[in-house]
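Trainee: I would be grateful for a guided reading of this structure. May we proceed by question and answer?

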Amino acid sequence: MKVTLDIPDEVCGELSSKFADLSRTAMEGLAASAYAQDALSLEQVRRLLDLPSAWEAQNILKRCGVWPGQSADEVLSDMDALAGLPN
């Protein structure tokens, strides 16, 4: 899907001076907003932004002021994995 934004010229100039890639910035903002509202998972954010790892997706979310969390299932899975490690 292709989405087009209409940005007034006087605003576009200001934004262009602050952000090197307006399209990418808009996409990251959309991904962060969708993640914050539980519309996308971390994996979906990673795929949407075409990132090689979840770590990079988390960094972008943090930069956008969205703090990636873990679901209860993820925490329990991590605890099971840690319990299986040798002492």
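Trainee: How many salt bridges does the structure hold?

Mentor: Side chains of opposite charge can pair when their charged atoms come close. In this predicted model, the number of salt bridges is five.

Trainee: Which residue pairs with Arg 24 in a salt bridge, and why are the two about one helical turn apart?

Mentor: Arg 24 is partly exposed, because its relative accessible area is 28%. The side chains meet at 3.0 Å, N to O, and the partner is Glu 28.

Trainee: Is Glu 28 buried or exposed?

Mentor: Buried means under 20% relative accessible area. The relative accessible area of Glu 28 is 11%, so Glu 28 is buried.

Trainee: What is the N to O distance in the salt bridge of Glu 43 and Arg 47?

Mentor: Glu 43 and Arg 47 both lie in helix α3, four residues apart, about one turn of the helix. Glu 43 counts as partly exposed because its relative accessibility is 34%. The N to O distance in this salt bridge is 3.8 Å.

Trainee: What is the volume of the largest pocket?

Mentor: Rolling a probe the size of a water molecule over the atoms shows where empty space is left. For the largest pocket, the volume is about 340 Å³.

Trainee: What accessible area do Met 1, Val 3, Leu 5, Ile 7 and Val 11 have together?

Mentor: These residues form a nonpolar patch on the surface. One of them, Ile 7, is found in the segment before α1, which spans residues 9–18. Ile 7 counts as partly exposed because its relative accessibility is 33%. Together, the residues of the patch have an accessible area of about 570 Å².

Trainee: Where does Asp 38 lie, and what is its phi?

Mentor: Asp 38 lies in the loop between α2 (22–36) and α3 (42–48). Asp 38 counts as exposed because its relative accessibility is 71%. Although Asp 38 is not a glycine, its phi is positive, at about 60°.

Trainee: What is the phi of Asp 50?

Mentor: Asp 50 has its place in the loop between α3 and α4 (54–63). With a relative accessible area of 69%, Asp 50 is exposed. Asp 50 is not a glycine, yet it has a positive phi of about 55°.

Trainee: What distance separates the C-alpha atoms of Pro 8 and Leu 51?

Mentor: Pro 8 is found in the segment before α1 and is partly exposed, with a relative accessible area of 42%. Pro 8 and Leu 51 are 43 residues apart along the chain, and their C-alpha atoms are separated by 30 Å.

Trainee: What distance separates the C-alpha atoms of Ser 77 and Ala 39?

Mentor: Ser 77 has its place in helix α5, residues 72–83. Ser 77 counts as partly exposed, because its relative accessibility is 44%. Ser 77 and Ala 39 are 38 residues apart along the chain, and their C-alpha atoms are separated by 22 Å.

Notes: Residues numbered from 1 in each chain as written. Predicted model: local features only at pLDDT ≥ 70, side-chain atom pairs only at ≥ 80, totals over all residues. Heavy atoms only, no water. Patch = residues over 30% accessible without salt bridge, like charges linked within 9 Å, V, L, I, M, F, W, Y side chains within 5 Å. Areas by Shrake-Rupley, 256 points an atom, 1.4 Å probe, with all protein chains shown as cover. Salt bridge = Lys/Arg side-chain N within 4 Å of Asp/Glu carboxyl O. Buried < 20%, exposed > 50% of the residue type's maximum accessible area, 1.4 Å probe, protein only. 1 Å grid on protein atoms, 1.4 Å probe; cavity = no way out; pocket = protein on both sides within 12 Å on 5 of 7 lines; lining within 4 Å. Points joined across faces, edges and corners; volume = space filled by probe spheres on them.
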